[in-house]
Amino acid sequence: PIVLATRPGERTCATVRVEGVDGAVNAAAIDVVAAPGSSLSLAIALDSPAPGAGVVGTRLRVFAGADARVDVAVTQTLDDGWIALDDAGIVLDERARVQLRQTVLGAGRSYTGLDADVRGDDARLDIDTRYLGHAAQQRDFNYVAHQRGRRTVCNLDANGVLAGESEKTLRGTIELVHGCKGSIGSEQETVLLADERVANRTVPVILCDEDDVAGNHGATIGHVAPKQLFYLASRGISPDDAERLFIAAAFEEAAIGAPDERTRAAVARLAAARGIALEEAVA
């Protein structure tokens with residue numbers, strides 16, 4: 001295991017990179033212990049710079065002490081021959097803040113799971129997931145958050161583009177546990193279906209055992225409007241070219257938001273494998 005433990009009041013950052021090993025499973029167990037009042041920014045990169053096939057994964061455990069702040073950015077840029085496993089468990093103490101941003105761009109099959117215990121009063125958890133599916137890729141997300149403390153906040157936001165014959169399932173469950181008075185739980189997903197052949201499953205769930213709370217969930221899912229395709233066609237852009245524009249936009253956003261140059265280069269490498277000259281687009 002990789003253990004990242006901060007001292008009270010410390011502000012620091014770290015990066016963990018997990019690369020594919022042909023014919024093998026390469027996974028990292030990452031334990032984060034953020035002391036009271038400390039701040040940690042953690043970047044995790046899952047990449048396959050060399051050709052091959054296998055499994056690449058992480059098992060992340062985060063304990064955020066009172067008044068601690070933990071920011072985690074996970075970027076997955078594996079080629080289609082790989083399977084990605086991303087598992088996270090998060091515990092928040094009083095007034096702790098944890099922000100998790102997950103960017104899923106590659107891997108033939110990708111499985112992402114998270115279980116969070118928002119137990120401290122006034123704690124806050126924000127999850128921001130960005131994903132791309134194309135060809136025959138499969139995406140599976142399963143998020144569960146238990147809000148136990150009073151006046152806690154949990155936000156689950158997901159935005160994705162599905163193209164080709166890709167499939168995606170996202171299950172998001174927020175449990176407002178008895179006693180979590182004044183808490184707010186929210187789920188929102190926006191999915192662009194760039195091809196008629198894609199399969200999308202969105203399953204938002206709010207479980208509530210407390211009356212003095214607010215729970216919200218919603219999803220915006222749809223294909224590109226025919227009038228938009230007509231507009232593009234009138235300017236010489238075919239439906240296939242339009243789909244490539246949506247995919248390129250997802251890569252561009254990931255490159256702009258990459259935590260470091262090496263991760264940005266991995267995004268560009270994967271985009272180039274899709275025939276997208278990302279370096280020119282971002283420049």
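A salt bridge is a side-chain nitrogen of Lys or Arg within 4 Å of a carboxyl oxygen of Asp or Glu. The structure is a predicted model, in which local features need pLDDT of at least 70 and side-chain atom pairs count only at pLDDT 80 or more, while totals for chains, interfaces and linings use all residues. Residues are numbered from 1 along each chain as its sequence is written, and side-chain values use heavy atoms, with hydrogens and water left out.

**Exercise 1. Determine which residue forms a salt bridge with aspartate 31, and where the two partners lie.**

Step 1. The partner of aspartate 31 is arginine 59, with 2.7 Å between the closest N and O atoms.

Step 2. Aspartate 31 belongs to strand β3 and arginine 59 to strand β5; at 28 residues apart, the pair links distant parts of the chain. Strands (E, at least two residues) and helices (H or I, at least four) are DSSP runs, numbered from the N terminus.

Step 3. Strands β3 (residues 25-34) and β5 (residues 54-64) run parallel and are joined by 10 bridges. Isoleucine 30 stands opposite leucine 60 of β5.

Step 4. By the salt-bridge rule, the count comes to 27.

**Exercise 2. Give the strand order of the open sheet that contains β1, and identify its edges.**

Step 1. The order of the 8 strands is β1-β3-β5-β7-β9-β11-β13-β15, with parallel pairing. Two strands pair if DSSP finds at least two bridges between them.

Step 2. The edges are β1 (2-5) and β15 (199-208); each has a single partner strand, so one side of each is left without a neighbour in the sheet.

Step 3. From one strand to the next, the twist averages 5°.

**Exercise 3. Describe how helices α2 and α3 pack against each other.**

Step 1. The axes of α2 (residues 239-256) and α3 (residues 261-273) are 8 Å apart, at an angle of about 165° (axes are lines fitted to C-alpha atoms, for helices over the stretch in contact, and angles run from 0 to 180 degrees between N-to-C directions). That makes α2 roughly antiparallel to α3, a term for angles over 145 degrees.

Step 2. The contact (heavy atoms within 4.5 Å) is made by Phe251, Ala254, Ala255 and Ile256 of α2 with Arg264, Val267, Leu270 and Ala271 of α3.

Note on methods. Angles under 35 degrees count as roughly parallel, over 145 as roughly antiparallel, 65 to 115 as roughly perpendicular and the rest as oblique.
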